[in-house]
Amino acid sequence: MNQKTILKIYLCGAWVFALMAATGACAQDHATSISLESMYAKCLQGQMNDVLEWWDQQDHDDLTDDQIALRKRYESRFVNGKDLPSDHISHPEIAQLQRSFERYWLSALIHPDEVDQAERTLAKELETLSGIEHGAQMSPDTFKVHLEAWALDRGYHALLVGKTAHLRDCFIWKVDSVARYTIPLVQDTVMVEVHLMSDFLSFGWMGFTTFDRTHAGGWATREALFAVKESYDLESESYQVSYLCHEGQHFLDYQHFPRLTGTDLEYRAKLVELIMAQERHHILLQHFQTHAADLPGQHHPRANFLLTTHLQQWMREQVADFDGDWNSVSKADIRKGSLALLKAHTKLLNALGADRVESAWDIPEKVEDKSAAQHE
Ligand SMILES: [Zn+2]
């Protein structure tokens, strides 16, 4: 059975991905079907040795035919280095570009201790392939720009070199159409360009580890937004609010609070989602709650933690009979509470100095990879 769903998954690496699309290879109706979710969760963390071990532990009789075929694909790709996306790229240099990343991913995923060496090898291969010398004089940002221009000269759009979580990444797509939006936000509107991308040849390392079942649905730079077209129903609230308003708020905040760091940015954008939503308040809150963790430097889990804690507190103070269950709260109260939190946060940031404030909270947050910081 082929089923297409959209998952919302937040990553806490150097980039923020708004959505992840999940396609194919879903659980079967078959009585003996086993859940693959824990296996896919390990894939998204890059723990491929655990994934291979997990497949080894499964009893053959418990697997459906599709699952048996999927196990073979995992073995083929991650044990034998076969069944690779680059096998299907017709342009020889672009295939080579993808192949360099595949070698790096395989090496770094299977031998995590050797990731630094794998990165050096990747850098050398990219230099040789493109003829762009990435010497001490060239910043990673500049190298990335040159390399992406090199791919574009060959007719392919690409997002290269920056990190998703702990690994360097590679997205390649063929069709890129630009739409201009005026996005309504809480008080302002913001104008942005959205690149609607399609015909992908590479969905990055998470696509690589999940056979494109789960992959990034989009990202933001300080100049524009990028969305994987197939991941969205462009009329849905998920796109209009959780993608456009969320990212639009980042745009606005980049201007008003230029040094603001990840947790604060995400806290604000998630509150804006709750304020601008028409239907999905409870779904969003449930998601934030499930993915909340007070981990310094982990932007999305920490923002979820702070948002849900602060909103619970507001509800206890302002809503009679609130028993801690989000389902018992009306949409109007969720909107009202979220607006109050956003206003309080804005006030605090302004008091700390809009042009220099990094966070309304105590823990300073380090941006690990300068070249990828623009994708926060
Ligand atoms: Zn965000």
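What covers the buried residues of H4? The elements that do so include helix H2 (48–57), helix H5 (115–130), H6, S4, S5 and helix H7 (204–210), where a contact requires two C-beta atoms, placed from the backbone, to lie within 7 Å. The structure is a predicted model, in which local features need pLDDT of at least 70, side-chain atom pairs count only at pLDDT 80 or more, and totals for chains, interfaces and linings use all residues. Residues are numbered from 1 along each chain as its sequence is written.

The protein contains 12 helices and eight strands; these are DSSP runs numbered from the N terminus, with helices (H or I) of at least four residues and strands (E) of at least two. Of its 376 residues, 39% count as buried. A residue is buried if 20 or more other C-beta atoms lie within 10 Å of its own, exposed if 12 or fewer, and partly exposed in between. Among contacts between residues at least 6 apart in sequence, 62% join residues at least 24 apart.

Five strands form an open sheet with mixed pairing, in the order S3-S4-S5-S8-S7; two strands pair if DSSP finds at least two bridges between them. Strand S3 (157–164) and S7 are the edge strands, each pairing on one side only. From one strand to the next, the twist averages 35°, with axes fitted as lines to C-alpha atoms (for helices over the stretch in contact) and angles running from 0 to 180 degrees between N-to-C directions.

Within this sheet, strand S8 (residues 225–228) pairs with two strands. With strand S5 (residues 189–203), S8 pairs in the parallel sense over four bridges. Val-194 stands opposite Leu-225 of S8, and Leu-196 has Ala-227 as its bridge partner. With strand S7 (residues 218–220), S8 pairs in the antiparallel sense over three bridges, and the two form a hairpin with four residues between them. Here Trp-219 stands opposite Phe-226. In a regular strand the side chains alternate between the two faces of the sheet. Both faces of S8 are covered, with Leu-225 and Ala-227 buried on one side and Phe-226 and Val-228 buried on the other.

Lys-229 lies in the loop between S8 and H8. Lys-229 counts as partly exposed because it has 19 C-beta neighbours inside 10 Å. Leaving aside residues up to four places away in sequence, Lys-229 touches Leu-196, Met-197 and Ser-198. The C-alpha atoms of Lys-229 and Met-197 are 5.4 Å apart, although 32 residues separate the two in sequence. Helix H8 (residues 237–256) has a kink of about 25° centred on Leu-244, the bend at a residue being the angle between axes fitted to the seven residues ending there and the seven starting there. H8 is mostly covered, with 15 of its 20 residues buried.

Helix H4 (residues 92–110) lies across strand S4 (167–184) and S5, and runs at about 110° to S4. Helix H6 (residues 140–153) packs on the sheet and touches S3 and S4, its direction making about 150° with that of S3. The end C-alpha atoms of H4 are 26 Å apart, which agrees with the 27 Å that its 19 residues should span at 1.5 Å a residue; the expected span is 1.5 Å times one less than the number of residues. Buried residues of H4 include Ile-94, Leu-97, Phe-101, Tyr-104, Trp-105 and Leu-109, along with Gln-98 and Glu-102.
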